[in-house]
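Hi everyone, thanks for coming.

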Amino acid sequence: MKQLPNDFIFGGATAAYQAEGATRTDGKGLVAWDKYLEDNYWYTAEPASDFYHKYPVDLQLAEEFGVNGIRISIAWSRIFPKGYGEVNVKGVEFYHNLFAECHKRHVEPFVTLHHFDTPEVLHSNGDFLNRENIEHFVNYAAFCFKEFPEVNYWTTFNEIGPIGSGQYLSGHFPPGIQYDLAKVFQSHHNMMVAHAKAVKFFRDGQYNGEIGIVHSLPMKYPYNPDNPADVRATELEDILHNKFILDATYLGEYSDKTIDGVNYILSIHGGELDLRQEDFAVLKMVKDEIDFIGINYYMSDWISAFDGETQIIHNGRGNKGSSVYQIKGIGKHESDVEVPRNDWDWMIYPKGLYDQIMRITKEYPNYKKIYITENGLGYKDEFVDGTVYDDARIDYVKKHLEAVADAIADGANVKGYFIWSLMDVFSWSNGYEKRYGLFYVNFETQERYPKKSAYWYKQLAESHTIE
């Protein structure tokens, strides 16, 4: 048995677009996903989990089952339907009511300003490749800091890495562009500048509470550690998905090793980056001002050297073994390793979470503290006798929390864990079949049912003992 600290947060995670539904209700503006899902996928964000109306039920369940923190994102287009300009009063009122209910139920809201859902007007105008949208984001953040003093924990962005990769590498996020590595890096950089400017505004305004950022950080390992080419491929893959954004977060610049890797990648794939002195000035200004980093961790990858043609096939329907990931001059994801994987080909490797936590503590010692802001098992749940007997999910979470406990014992300052997800939500590129929640949602009736994992999580939150 392993113990977690007495002040440890046992949270549940959600995201506005994946949970709220009500995509056109009470003045909410469109986001790029609205049309993109209609045109490219077999589902839409209606009804999602109807959190817009059901949040009192979900927060009551959270309180009853020992969940004392919740990740919530504000839908930017519910506040500013076009991303700027006129404020939607009904959207503001909704979030005040939501945060009040959180506090009533003793569930601390950790509030994210941007979780994949740039307003459509701004997204169609280049999203964060367009530097004008950096300023629109900062103005939106400034409004929220002033308007919602009841929020004690702010996150600027959720998963800058997967946003750039989804939009411009794999192309399974809108606008669906594939294999444009320069756009990936530029998007990462510009979003980090937007993050830094928002943090600076928060600090200059002396607002109460804490502010941080959430990164998705899959661990990367060489397929053959004795092969220098595989080791190099792993370094390049890590720069693309982890080190570039971590350097921007905690160094305020890109290390020589990082920028050499970026330049090598662009020498193969083409394109140039627009990196300005004023960008690094603000990044350096806030690199020590970030109160916490959130780590979203689901998987690790094993990388071999690869010089063939780039091809990425996204496994969206849970057909095990159907995914392909290989980038010319960088590397290829290998699957024939002795590690279990889920139906969506995500490698289940709890030690990768330990390794990533310890990597942060060693390479970026100014990190202050860590929350595990997403971790969980996507599963084709079977609803039987009014519940789900999700022992596989319990085992997954247990082993990852053991990795967290080991990291804490080895000196890492990890203050909480947020299971993805509190209740079942829809998955961006996997629809409603891939479930993660502690609470099963019947998406037709919107009834909630605690799963076996919910009872296990409650016991964990009460005892702080992993058993």
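Let me begin with a term: a cavity here is a set of grid points where a 1.4 Å probe fits but cannot get out. Please also keep in mind that this is a predicted model.

With that in hand, how many cavities of 30 Å³ or more does the structure hold? There are 3 of them. The largest cavity contains about 50 Å³ of space. Its lining is made up of Trp33, His114, Phe116, Thr118, His123, Asp127, Ile163, Gln167, Phe173 and Pro174. Sorted by class, that lining has 5 nonpolar, 4 polar and 1 charged residues.

In soluble globular proteins, nonpolar side chains tend to be buried together. Here, the largest nonpolar core has 153 residues, and helix 9 (residues 181-204) supplies the largest share of this core, with 12 residues. Among the residues with the most contacts inside the core are Trp154 and Ile357. Leaving aside residues up to four places away in sequence, Ile357 touches Ile295, Ile370, Ile372, Val404, Ala407, Ala412 and Val414.

Next, the strands. Is strand 6 (residues 210-216) mostly covered or mostly uncovered? Mostly covered: 6 of its 7 residues are buried. Strand 6 pairs with strand 5 (residues 153-158) in the parallel sense over 4 bridges, and Thr155 has Gly212 in strand 6 as its bridge partner. Strand 6 also pairs with strand 8 (residues 292-296), again in the parallel sense, over 5 bridges. There, His215 stands opposite Ile295 in strand 8.

Let me finish with two single residues. Val262 is found in helix 11 (residues 256-269). Its relative accessible area is 1%, so Val262 is buried. Apart from residues up to four places away in sequence, Val262 touches Phe185, Ile239, Phe244 and Leu273. Val262 and Leu273 are 11 residues apart in sequence, and their C-alpha atoms are 9.7 Å apart in space.

The other one is Ser49, in the loop between helix 2 (32-40) and helix 3 (51-64). Why does Ser49 count as buried? Because its relative accessibility is 0%, and buried means under 20%. Its contacts, again without residues up to four places away in sequence, include Gln18, Ala19 and Lys54, as well as Met423, Asp424, Val425, Phe443, Gln446 and Arg448.

That's my tour, and I'm happy to take questions.

Conventions:
Residues numbered from 1 in each chain as written. Predicted model: local features only at pLDDT ≥ 70, side-chain atom pairs only at ≥ 80, totals over all residues. Heavy atoms only, no water. Helix = DSSP H or I, 4+ residues; strand = E, 2+ residues; numbered from the N terminus. Buried < 20%, exposed > 50% of the residue type's maximum accessible area, 1.4 Å probe, protein only. Contact = heavy atoms within 4.5 Å. Core = buried A, V, L, I, M, F, W, Y, C linked by side-chain atoms within 4.5 Å. 1 Å grid on protein atoms, 1.4 Å probe; cavity = no way out; pocket = protein on both sides within 12 Å on 5 of 7 lines; lining within 4 Å. Points joined across faces, edges and corners; volume = space filled by probe spheres on them. Nonpolar A, V, L, I, M, F, W, Y, C, P; charged D, E, K, R; others polar. Pairing = 2+ DSSP bridges.
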